Amino acid sequence: MRFLASRGTRDLRLLAFTIFCISLGWGSYFATFNNFAVEKLNLKADQLGILESLRELPGFLMVFVAALTMRVAEPVLASIALSLIALGMGGYCLVDSVTTLIIFSLIWSVGIHGWMPLSPSMVLSLAEEGNQGRRLGQMNSVGAFGTICGMLMVFILAKSLHYHSIFIIAGVAVAVGAVTVSMISKDIGHAEKPRLVLKRKYSLYYLLVFLEGCRKQVFITFAIFVLVRQFNAPLRVIALLMMLNNLTNLLLAPRVGKLIDRIGEKTVLIVCYALLIPVFIGYAMIKVPAVLYCLYFADNLLFLGSIGLTTYLHKIADPADIMPSLTMGVSVNHAAAVTVPIIGGFLWTKLGYPVTFYGGAVVVAISVLAVSAMKAVQPVEVSPAATLESS
């Protein structure tokens, strides 16, 4: 990309390479995990639910990480976080039981939840004044490209590489990123760190974020698992599905954003949620793998409408509340991420996997009702500097 070659961007180049490395490792891992868990460990739905719940618990550490950045340089914390991710993902090569799976999963989860707030913060710190949004978009593109490369590697090498080899490659890729990020200048960061904001006037936003977290977690945790466990979907098919989803996000997310600007969040969210109801019901009722692949793709496509939740908050929130309210939204989202996998896994074990997806359809139906209460609002007036900061 052209911006990587411009003068005075050494730290940005290092950060971009770091983001590529972790995305490459994540793409390799994510495309492989479900097949590995089913074929090598015979993981059951209730066990998966407990695992996912435990893996999301470190999400509540994000505010703690933000506080740490007041004393420790962000590149140093980022290097530690990526080292934990590398250790956890690479350690999957030693996994031979559900217990060891949980141990290494918790290790990389602590790392990745530490990395999540640090990455955009460093981008904003290193970006030129007035160019923050552009740099964030460029880094997102680098990350999407890295994820696709990781999944493409799995697709190409699935028949020749052992699962353990893929996890080692993923761990090494992230470890390279840990070394790279440690080379970034240590005098970057923000004086003001995220805080939590819980205000009644943002209650609809919090509700919608929680419901979105519930809906998303059902598909993230169980959709691929259904394809592998119930329908024996091969690794190459899963990798291909995930590549298509990431390409869709890369190409269509900006267009969905423009559509939201033109017709409003309420319309886009209602349409997306209304269409998701038959997607969930179809996933529960249909037993044809090819159709389920299409439904999995449709869920990812309709998920893009959730961009409207962020733009809705931007319109209703006071400028000083935008960033801390987003942080609060992440915490609310993690509350769903901790509880839904356990409930979904229990329902699957006791009543069969269709019940889990019928439950998802109910959540989406409630989301439609909640969005219908959304009032048309104009963005809160902010200065250009405040707008750049919130982006």
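Glu-212 and Arg-215 sit 3 residues apart in helix α8 (residues 203–229), so about one helical turn separates them. Helices here are DSSP runs of H or I with at least four residues, strands are E runs of at least two, and both are numbered from the N terminus. Before we go on, note that this is a predicted model, in which local features need pLDDT of at least 70 and side-chain atom pairs count only at pLDDT 80 or more, while totals for chains, interfaces and linings use all residues. Residues are numbered from 1 along each chain as its sequence is written, and side-chain values use heavy atoms, with hydrogens and water left out.

What do Glu-212 and Arg-215 form? They form a salt bridge, with the closest N and O atoms 3.2 Å apart. The term stands for a side-chain nitrogen of Lys or Arg within 4 Å of a carboxyl oxygen of Asp or Glu. Side chains of opposite charge can pair when their charged atoms come close. A search of the whole structure finds 5 salt bridges.

Now follow Arg-215 to another partner. Arg-215 also forms a salt bridge with Asp-299, and here the closest N and O atoms are 2.6 Å apart. Arg-215 lies in helix α8 and Asp-299 in helix α11 (residues 289–303), so this pair ties together parts that are 84 residues apart in sequence.

For Arg-215 the value is 2%. Buried means under 20% relative accessible area, exposed over 50%, and partly exposed in between, using a 1.4 Å probe and protein chains only.

Next, look at how α8 meets α10. The two helices pack at an angle of about 30 degrees, with their axes 12 Å apart. (Axes are lines fitted to C-alpha atoms, for helices over the stretch in contact, and angles run from 0 to 180 degrees between N-to-C directions.) That makes α8 roughly parallel to α10, a label for angles under 35 degrees, whereas over 145 is roughly antiparallel, 65 to 115 roughly perpendicular and the rest oblique. Among the residues making the contact (heavy atoms within 4.5 Å) are Glu-212, Arg-215 and Phe-219 of α8, along with Tyr-273 and Phe-280 of α10.

Helix α10 (residues 265–285) also holds Glu-265. Glu-265 forms a salt bridge with Lys-315, the closest N and O atoms being 3.2 Å apart. Both Lys-315 and Glu-265 are buried.
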